[in-house]
Amino acid sequence: MTTIALPARKVQFRLDATAIVYLALFALLVIGSIVVAARGGGVLLDQAGILKILTGCTALGLVAIGQTLAVVAGSLDLSVAYLIGLCSLVTAEVMAGQGSMMLPAVLAALGVAALVGLVNGVVITALRVNAFIATLGMALILKGVLESRYTGPAGSTTKDFQRLGYDRIGPVPVSFLLLLLVAVGAWWFLARTRPGYHMYAVGGDIESARVSGVRTSRTIVLAHVLCSLAAGATGVFLASRLGSGAPYVGTDAGYDLQSIAAVVLGGTVLAGGRGGVAGTVGGVMILSVLDTIFDDLGVNSFFKDVVRGVIIIVAVALYARGRLARRRLVTPPAGADQ
Amino acid sequence: MSAAGTAARLSSRSPGFPRLATGLAPVLVVLLLLLVLLAFVGPAYESPSGYIALLKRSAPLMILAIGQYFVIVAGEFDLSVGSLVTAEVVIAARLLEGDESRTWSVIALLLGFGVLVGLVNGLITTKLRVPSFIVTLGMLLVLEGAVFLWTGGAPRGALTTEFRKWGRAQLGTEGILAQIPYAVLVLVVIAVAAVLFMRSGTGRTLMATGDNDTAVRLAGGRVDAMRIGAFVLSGLLAAVAAILLGGYSGVSAQVGRGLEFEAITAVVLGGVVLGGGRGSVIAAMAGALTLRALFAVLNLLGVSGALESTVQGVIIIAAVAYASSESGLRDLLVRRPGWSGSSQPPASTAEDPPPETTPVPSTSSVSSEPDTNPETPERGTS
């Protein structure tokens, strides 16, 4: 039966891919430490280095965890970058420097995010629009809203709230611990709950899932709501870091494509149905460690992009070699024919 | 789409089925409406020259859309064209440095670079079996990074007059020649070539590759060569678009930004199906022109430039939702076949529909009802 076969295969795969990711991360840390030390860049993993790596992880990690859910369910979300900007603005504007508005501000931002995710999911399932187009369209809609209403940073967050972005325990930022908490929650959701299994089923073969009694539309909508919520949380986090909302904080960092890159780097299959959150966190950490190594070495920042691009392609090529069957394209969850 | 769905659609299509009809009618109607509307709202559109100027402005996007069409119809994506356009323009400025005598050698080099990028995209996609979304995304990062690394963050050099004439000048100075821009000439030549190509045997094989590559392989078609060819054409046409765009708007590091999504939008607006196998190249071009005409209308109606993208977003979703409600009643095809690729093992895994799935003879039987397709449950459990 599908319900029994799927988790078994999935667990086995995830161990494989995740193991590769973390081995690569470990190797990167070792090689990076040696190279940085040899080139006179100091110690890679000193307190500042660890802080830098973990801080770099947090924002992209949050988006990528949400993106993992969408990708596992056979979908993808290109609207996260603009949504992050929007949510950072909502947080900062609702808060407007008042400590009493802290909770309402966060709730408002997450509410906006959930709404966007709901619209994405409904457009994909009920209107049967290809996920690529639906979320690209949503990205354009949000872009228009941002461009017509904002010219630059707006609103402000309180000093207390900014502690969320800057407090740390030793070299470990509190925000990174929160990220780990979210990651564990997402892992538990995907690997241990019924809706989580349904996401693998829908991403693996939506028709089989449907005839097995899975409510496929509901699953896809849920995946998109959760994905957008993660993006919204990223917006809240960045508002806390920046002290205000910034419309292009998400797009400047390219979080839409970068998060998808991190997800596939973590071994999740772009076509859906395989992969998991643990790999994604590893993938994000690899990208962050690379950034830190290059910074320590004083490498041109544009060179980082080149290396990133090559690494992503090589990683996916390696995963593809190790896999028996494959899908070549982003497979939309429903209405592939539009 | 499911294997059964593909088979159903193939079997329902008679050999002489006019493929160009797919999705062409709606986009042409919308385009016509927009063009008529332009005549009412814009004084510049009272004479044909206004429309020719629109065509000239739209030519780079239309050419990109043709390239993207080849890739999409073969079942792939090309996200690298935007950064490729930027790279080409920056490279051109750097190499030309305003020296007229270098113009033609640089143009040749640019076209060669476009072909090379397409070739790399195609080879990695087909030989290393990496999804084209990732390959071209990686290529986007590599090109963007490499260009800025090379130029140090700000483009340097200058384009020559001879180079820029392709994007901005007219064929002659008087008479009818003064009315026709080079860009339109280039566009027409490429469009005719593209239409003839899609009507040729190779073009039909390309289309079939996106529809059902296993069938093409079994019939003796060279699937990988088709896909690599599609990427090469996309790269080449991106180079052409870059030459026109560089000539039209000059050197900037933002010249190609977002063009990949605009090109995909244009193609989809033309009713071309993501996933491959359906749609016409004329419709893809019409989609690109529609997008530009729409922006012109919005501009003239005083919709702020900022809201343009919102309108664009709503329209893409609406267009695809409309197309999906049309075809969705006929055949709700939920998945693209997963068994593509040259080294596919004979045994299919749980998630992959086996190729030997019995074709469902009638188009209407592939519907959203779970029990109309008895093959699917077995597929999930095999």
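This is a predicted model: local features need pLDDT of at least 70, side-chain atom pairs count only at pLDDT 80 or more; totals for chains, interfaces and linings use all residues.
## Aromatic pairs

B:Phe197 has a partner, B:Phe70, and the two rings sit edge-to-face, 5.5 Å from centre to centre with 90° between the planes. B:Phe70 belongs to helix H3 (residues 48-73) of chain B, while B:Phe197 belongs to helix H8 (residues 182-199) of chain B, so this pair ties together parts that are 127 residues apart in sequence. B:Phe70 has a relative accessible area of 3%, which makes this residue buried.

## Arginines over rings

| Arginine | Ring | Distance from ring centre |
|---|---|---|
| A:Arg241 | A:Tyr166 | 4.3 Å |
| B:Arg94 | B:Trp150 | 4.9 Å |

In chain A, A:Arg241 lies over the face of A:Tyr166. In chain B, the charged end of B:Arg94 is placed over the ring of B:Trp150.

## Arginines with positive phi

Next come two loop arginines. A:Arg128 has a phi near 50°, a positive value in a residue other than glycine. You'll find A:Arg128 in the loop between helix H4 (102-125) and H5 of chain A. For B:Arg129, phi is near 60°, again positive in a residue that is not glycine. B:Arg129 sits in the loop between helix H5 (103-127) and H6 of chain B.

Is A:Arg128 buried or partly exposed? With 21% relative accessibility, A:Arg128 counts as partly exposed. B:Arg129 has 16% relative accessibility and so counts as buried. The line between these two classes is drawn at 20%.

## Chain A: the overall picture

Chain A has 14 helices and two strands. Of its 338 residues, 61% are buried. Among contacts in chain A with a separation of 6 or more, 79% are between residues 24 or more positions apart.

A:Ser228 is found in helix H10 (residues 216-242) of chain A. Its relative accessibility is 0%, so A:Ser228 counts as buried. What does A:Ser228 touch, leaving aside its neighbours within four places in sequence? The contacts are A:Asp77, A:Leu83, A:Ala113, A:Val116, A:Gly117 and A:Asn120.

A:Gly279 is in helix H13 (residues 277-297) of chain A. This glycine is buried too, with a relative accessible area of 2%. Not counting residues up to four places away in sequence, A:Gly279 touches A:Thr18, A:Val21 and A:Gly266. From A:Gly279 to A:Leu60 the C-alpha atoms are 14 Å apart in space, and the two residues are 219 residues apart in sequence.

## H13 against H14

The helix that holds A:Gly279 packs against helix H14 (residues 301-321) of chain A, at an angle of about 145° and with the axes 11 Å apart. H13(A) passes H14(A) in a right-handed crossing. Which residues make the contact? From H13(A) they are A:Leu287, A:Leu290, A:Asp291, A:Phe294 and A:Asp295, and from H14(A) they are A:Phe303, A:Lys304, A:Val307, A:Arg308 and A:Ile311. Sorted by class, this contact has six nonpolar residues, four charged ones and no polar ones.

Conventions. Residues are numbered from 1 along each chain as its sequence is written. Chains are lettered from A and ligands numbered from 1 in the order in which they are written. Side-chain values use heavy atoms; hydrogens and water are left out. Rings of Phe, Tyr and Trp (its six-membered ring) pair if their centres lie within 6.5 Å; planes under 30 degrees apart count as stacked, over 60 as edge-to-face and the rest as tilted. Helices (H or I, at least four residues) and strands (E, at least two) are DSSP runs, numbered from the N terminus. Buried means under 20% relative accessible area, exposed over 50%, partly exposed in between (1.4 Å probe, protein chains only). A charge sits over a ring if NZ of Lys or CZ of Arg is within 6 Å of the ring centre and within 35 degrees of the ring normal. Contact means heavy atoms within 4.5 Å. Axes are lines fitted to C-alpha atoms, for helices over the stretch in contact, and angles run from 0 to 180 degrees between N-to-C directions. A crossing is left-handed if the near helix is turned anticlockwise from the far one by less than a right angle, and right-handed if clockwise. Ala, Val, Leu, Ile, Met, Phe, Trp, Tyr, Cys and Pro count as nonpolar, Asp, Glu, Lys and Arg as charged, and the others, Gly among them, as polar.
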